Amino acid sequence: MEGRREEARERFTDLVRLQSQVLGYVHEDTLTTAADLADLVRDMGDFAKAEEIWRSVWTSRGELLGPDHPQTLDAANDLARVLAYLRREAESVALHRDVLERRTRLLGPDDPAVLADSGRHAAALGRAGRWDEAEPALRELIARLERRNEQDESVGLSARANLSAALCRLGRLDEAEVVMHDVLAAQQRAKGTDHPEALITRNNLAAVLHAQQRYAEAAAMLREVLAAVSRKHGDGHPETVHSRDNLANVLIDNDERAEAAQLLVRCRDDYTRVFGPHHPLTRKAIKRLDWLRENPAF
């Protein structure tokens, strides 16, 4: 419930403690509660704590159920997701790849769970900047989904959205824009304008507009994304901070440097709070803020 998540966190924490005392931590019921707690603290933006809990759930499920059990592999995927939020992309890629390989051996290449894992692994490659690997992996996945007539299902839409992001990063901007508009329309029809996946696509479309030097259009779109993310997560959540950072980048190029500087001050402070003063995101925000102060206008 909105406004009562801290209370929920306290209750989950108490329940994990009690279940551990009565049943033991390495017990299916205790680990289910711990996984719920990990999801909650991740949604609250406490990624370091989420990593700690998901890692314990993953290793404990491996001990209890075996390393290839579906629940163990699901926990590994959730841990990899948190590592991506922490910008530890290489670790995230390796873990997603391990899950994909294990699940493929067990279920075969066309099982729905394997197709979903293929999408997660390709997306992780993109987040790690390995776009030349991500693009063919995404095209292969999309082709497999099209043969199953599932290109507009959740996995297919995510894969197409990630392909458009890969095309953008590879400099194929016109192609990327066409794919993004198509994906965004399908996402908004299926899930609504402010669904998280649609917001990611709108953010990526703004990146294409930015690369095409259509700065005003990109800024307008990112303002809408920032407002929607802030409504969903709150003003200081890491996802909101990232959206604010993206808007600041566009405003710099749109010669709105005073507002960009104000946004970057908030980004610097929030990155320091969430990731620490020496994290690359914190240092990058500080560097751009220093540059803006030295170059307030052309």
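# Helix Packing and Selected Residues in a Predicted Model

In helix 2, the residues Glu28, Leu31, Thr32, Ala34, Ala35, Leu37, Ala38, Asp39, Val41 and Arg42 meet Phe47, Lys49, Ala50, Ile53, Trp54, Val57, Ser60, Arg61 and Leu64 of helix 3. Sorted by class, this contact of helix 2 with helix 3 has 12 nonpolar, two polar and five charged residues. The structure described here is a predicted model.

Helix 2 covers residues 28-43 and helix 3 covers residues 47-65; the two pack at an angle of about 155°, and their axes are 8 Å apart. Because the angle is over 145 degrees, helix 2 is roughly antiparallel to helix 3. The crossing of helix 2 past helix 3 is left-handed.

## Helix 14 and its partners

Two further pairs involve helix 14, which spans residues 280-294. Helix 13 passes helix 14 in a left-handed crossing. From helix 13, the contact is made by Arg257, Ala260, Ala261, Leu264, Val265, Arg268, Tyr271, Thr272 and Phe275; from helix 14, by Leu281, Thr282, Ala285, Ile286, Arg288, Leu289, Trp291, Leu292 and Arg293. The residues of this contact of helix 13 with helix 14 divide into 12 nonpolar, two polar and four charged.

In the other pair, helix 12 (residues 238-253) and helix 14 have axes that come within 12 Å and cross at roughly 30°. Since angles under 35 degrees count as roughly parallel, helix 12 is roughly parallel to helix 14. Helix 12, too, passes helix 14 in a left-handed crossing. Here His242, Asp245, Asn249 and Ile252 of helix 12 make the contact with Leu281, Arg288, Trp291 and Leu292 of helix 14. By class, the contact of helix 12 with helix 14 holds four nonpolar, two polar and two charged residues.

Threonine 282 lies in helix 14. With a relative accessibility of 0%, threonine 282 counts as buried. Apart from neighbours within four places in sequence, threonine 282 is in contact with Arg268, Tyr271, Thr272, Gly276 and Pro277. Among these, Arg268, Tyr271 and Thr272 belong to the helix 13 side of the contact with helix 14.

## Cysteines

How many disulfides does a search of the whole structure find? The search finds zero. Cysteine 168 is in no disulfide, and the nearest cysteine sulfur, that of cysteine 267, is 20 Å away. A disulfide needs the two sulfur atoms within 2.5 Å, so the sulfur of cysteine 267, at 20 Å from that of cysteine 168, is too far for a bond. Cysteine 168 is buried, with a relative accessible area of 9%. Cysteine 267 is also buried, and its relative accessible area is 0%.

## Residues in loops with positive phi

Most residues other than glycine have a negative phi. Arginine 87 is not a glycine, yet it has a positive phi of about 65°. This arginine 87 is found in the loop between helix 4 (70-85) and helix 5 (89-107). Glutamine 213, likewise a residue other than glycine, has a positive phi near 65°. The place of glutamine 213 is in the loop between helix 10 (196-211) and helix 11.

## Exposure and distance

Is glutamine 213 buried or exposed? At 59% relative accessibility, glutamine 213 counts as exposed.

| Residue | Relative accessible area | Class |
|---|---|---|
| Arginine 87 | 31% | partly exposed |
| Glutamine 213 | 59% | exposed |
| Glutamate 217 | 42% | partly exposed |
| Aspartate 174 | 58% | exposed |

Glutamate 217 is found in helix 11, which covers residues 215-233. Between glutamate 217 and valine 26 there are 191 residues of separation in sequence and 52 Å in space, from C-alpha to C-alpha. Aspartate 174 is found in helix 9, residues 173-191. From aspartate 174 to alanine 161 the separation is 13 residues in sequence and 14 Å in space, again from C-alpha to C-alpha.

Notes
Residues numbered from 1 in each chain as written. Predicted model: local features only at pLDDT ≥ 70, side-chain atom pairs only at ≥ 80, totals over all residues. Heavy atoms only, no water. Axes fitted to C-alpha atoms, helices over the stretch in contact; angles between N-to-C directions. Helix = DSSP H or I, 4+ residues; strand = E, 2+ residues; numbered from the N terminus. Parallel < 35°, antiparallel > 145°, perpendicular 65-115°, else oblique. Left-handed = near helix turned anticlockwise from the far one by under 90°. Contact = heavy atoms within 4.5 Å. Nonpolar A, V, L, I, M, F, W, Y, C, P; charged D, E, K, R; others polar. Buried < 20%, exposed > 50% of the residue type's maximum accessible area, 1.4 Å probe, protein only.
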